[in-house]
Amino acid sequence: MRLLRGVYEGPSGHGILHLAASLREAHAVLRALPGENYFPFFHADRRRDGSPAPLTLSPMWRRPDDTRAPGDLQRDLLRAAGRNPGARSLLLARSEAALLSGEEPPGELTLPPHPETGRGPHFIPCGWQVPGMAETEAAELALEDVIRAHAVPQPRTAEPTANLFGPPALGRDAEAEYAEAERLLGLMGIGVNARVPLEAGEEELSRLTRAWVNVVLYREVAESATLYLQDEFGIPRVTTPMIGTSGTGAALRAAARVCEVDARTVRQAIWGELSRTAKLPWYARLAPPEVFEDRSVFIFGDFTYALGLGYALSREVGLRVAGCGTYMTHLERDFTFHAGTFTDAAFATDDPEEVARRIERSAPDLLVGTELEEEVAGSLGIPFLPFCPPAGERSFAPRPLMGYAGSSVLADALDAALRQVEEPPEEPGPPEISWTEEALEELAGVPVFLRGRARRLAEQRARELGSPEVTRGIFLESRF
């Protein structure tokens, strides 16, 4: 029996709904059991602006043949299109129960036309869904399908422009990440043609082919779509994570080369930002040496943030990366290749217990991760930075982690965290306490993420009782 502490990703249907909520003029139909319609509550909790989720439920249930109640999938799709005339994309998402039922999605489907344009919305059936697929992979494939449906050949803009492919809505600080990237490109004279998927509607999607370059801020969702635009329309892409000063500079220089921006303009923009905005290089250079000496960090999260933070913390700050992992197992090969440039302990797993065991074995001085790693950091008594999604119940403050402004956010967070672990004056510590075999057996039954705290409490209780060792009885007593 394994204790389930949480999951890093939802099912594939959740990823499609997530994408639909990020786009403008998009609506999703969820084929699911009646009790599986939880997404509106998730959407309301994350958006907190009163906007309804762009979702219609098509319930799977045994219904009489003569009823017109929801439940017939094709009729529900037509009804959803008719009730949402502003939708230009209608996506079909199926829950795990619907996928396991073997029900096939409809093929060709003629949807009711818009009263003004006379054209019906594009139907995106997402026929590639399979049981066990995770939400990020589904969001990536759904975005490619949406772009295939809307993108049309158009002449390139007269002045250099870029498409920004960033995090979806409901992600950590999504709006702030787009805004920082747009600000930096603007300093070099590169405009933004479209933001995708954030609030992209039919107009933005149809003009994607006018851009000179696709700047990929969040590769997990944009990979397939930008490869399609590159292969079909010849639009090059920049995929360097725009995290830290080195990553940001590399991405800006690559975009400038594609857009044929004068090298002097690029240097002025980058050096100006390094002197005015970016704190990270100054923090790494001016902080006392003991802040970084022999210090290690463990990083776990998605693809983009985990890799970008790994590069920045190892190469710019000088921390040793004791481990770097991702829960996106479908990207394991690419992730371990890139992470292998700054750590020998790159891995991919979606099991929080395995992650906790790896963290405990590596004994880092700092942990950067998702909401599920916070308890592990607390158990080990080390600082924790929640810089990787999923971020759980945390409010999304409008502060970027990408770009030069993001490097300042990172520097401030590091300064606060590493000050907690500066070496205190040497004082005689408590004497070592041995453990009986029976007590160690009980300790092994404690979940990994709580084991460090359980050990400390038991040893503290043994000292209070004047016992030279932790017995099974003392261990059990310390837990209450």
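Which residue stands opposite Asn 163 in β7? The residue is Asn 214. The model in which this pair is found is a predicted one.

## The sheet with β5 and β7

Strand β5 covers residues 161–165, and strand β7 covers residues 213–216. Four bridges join them, and they run parallel.

These two strands belong to an open sheet of four. The order is β6-β5-β7-β8, with parallel pairing. At the edges stand β6 (191–196) and β8 (237–238). Each has a single partner strand, so one side of each is left without a neighbour in the sheet.

## The sheet with β1 and β3

Another open sheet also has four strands, in the order β2-β1-β3-β4. Its pairing is parallel. The edge strands here are β2 (55–59) and β4 (122–124), and each pairs on one side only. From one strand to the next, the twist averages 20 degrees.

Strand β1 (residues 26–32) and strand β3 (residues 89–94) run parallel, joined by six bridges. His 27 stands opposite Leu 90 in β3.

## Helices on that sheet

Helix α1 (residues 12–22) packs on the sheet. The strands touched by α1 are β1, β2 and β3. The direction of α1 makes about 160 degrees with that of β3.

Helix α5 (residues 135–150) lies across β3 and β4. The angle between α5 and β4 is about 155 degrees.

## Glu 202

Where does Glu 202 sit? Its place is in helix α7, which covers residues 202–206. Is Glu 202 buried or exposed? Its relative accessibility is 17%. Buried means under 20%, so Glu 202 counts as buried.

## Helix α10

Helix α10 has 14 residues, 263–276. At 1.5 Å a residue, α10 should span 20 Å. The end C-alpha atoms are 20 Å apart, which agrees.

Asp 262 caps the N-terminal end of α10. A side-chain oxygen of Asp 262 lies 3.1 Å from the backbone nitrogen of Arg 264.

Which residues of α10 are buried? They are Val 266, Ala 269, Ile 270, Gly 272, Glu 273 and Leu 274. An α-helix has 3.6 residues a turn, so residues three or four places apart point the same way.

Key. Residues numbered from 1 in each chain as written. Predicted model: local features only at pLDDT ≥ 70, side-chain atom pairs only at ≥ 80, totals over all residues. Heavy atoms only, no water. Expected span 1.5 Å × (residues − 1). Buried < 20%, exposed > 50% of the residue type's maximum accessible area, 1.4 Å probe, protein only. Polar contact = N/O pair within 3.5 Å; in protein donor to acceptor, adjacent residues only side chain to side chain. Pairing = 2+ DSSP bridges. Axes fitted to C-alpha atoms, helices over the stretch in contact; angles between N-to-C directions. Contact = heavy atoms within 4.5 Å.
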